[in-house]
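This briefing is for a reader new to the structure.

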Amino acid sequence: MDYQHILFAVEGGVARLILNRPARLNSFIVAMHEEVRDALAQVAADRSVRVLVLTGAGRAFCAGQDLADRSVAPGAAPPDLGESIERYYGPLVLALRRLPIPVLCAVNGAAAGAGANIALACDIVIAARS
């Protein structure tokens, strides 16, 4: 799969997944969720992978949900945040927890909202002082 919002590579038994929307502090949009879901499925299926390293590009790990992705037209129904959790964030956290390998999260800046929850779903979290 060709990714636009993440960087993903496996080398020497190490899978690296980098959230790659630095201009938006790596905040999630639907397409990014789909890419991360695909990459995690690849990690789960590849028996040569011994560890997953998850981090963010730029100055933040993840600022959570990109609120511009949930904007609605005036007078339209508000977005269903419960559906967003059930459809995207819950499965993401469960996919991280179910991996049969250690998941290391390198927090390189802000980890806010859902971004903090994603970091906390990992087995080991290492955070930069910044």
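Cys105 is buried at 0% relative accessibility, where buried means under 20% relative accessible area, exposed over 50% and partly exposed in between (1.4 Å probe, protein chains only). The model is predicted: local features need pLDDT of at least 70 and side-chain atom pairs count only at pLDDT 80 or more, while totals for chains, interfaces and linings use all residues. Residues are numbered from 1 along each chain as its sequence is written, and side-chain values use heavy atoms, with hydrogens and water left out.

**Cysteines**
- The whole structure holds zero disulfides, a disulfide being a pair of cysteine sulfur atoms within 2.5 Å.
- For Cys105 the closest cysteine sulfur is that of Cys122, and at 4.4 Å it is too far for a bond.
- Cys62 is also buried, with a relative accessible area of 0%.
- The closest cysteine sulfur to that of Cys62 belongs to Cys105, at 9.3 Å, which is too far for a bond.

**Nonpolar core**
- The largest nonpolar core has 32 residues, of which Leu17, Leu19, Leu52 and Leu96 touch the most other members; such a core is a set of buried Ala, Val, Leu, Ile, Met, Phe, Trp, Tyr and Cys residues joined through side-chain atoms within 4.5 Å.
- Two or more residues come from each of β1 (6-11), β2 (14-19), α1 (30-45), β3 (51-56), β4, α2, β5 (103-107) and α3 (114-120); helices (H or I, at least four residues) and strands (E, at least two) are DSSP runs, numbered from the N terminus.
- The most, five residues, come from α1.
- Leaving aside residues up to four places away in sequence, Leu96 touches Leu40, Leu52, Leu54, Val103, Ile118, Ala121 and Cys122, contact meaning heavy atoms within 4.5 Å.

**Cavity**
- The largest cavity is lined by Leu17, Leu19, Phe28, Val36, Leu54, Leu92, Leu96 and Ile118; on a 1 Å grid over the protein atoms alone, a cavity is a set of points where a 1.4 Å probe fits but cannot get out, and lining residues have an atom within 4 Å of a point.
- Both β2 and α2 give two or more residues to this lining.

**Two single residues**
- Asp66, in the loop between β4 (60-62) and α2, is buried with a relative accessible area of 4%.
- Not counting residues up to four places away in sequence, Asp66 touches Arg21, Arg24, Ser27, Phe28 and Ile29.
- Leu94 lies in helix α2 (residues 81-98) and is partly exposed at 41% relative accessibility.

Terms used: On a 1 Å grid over the protein atoms alone, a cavity is a set of points where a 1.4 Å probe fits but cannot get out, and a pocket is an open set with protein on both sides within 12 Å along at least five of seven lines; lining residues have an atom within 4 Å of a point.
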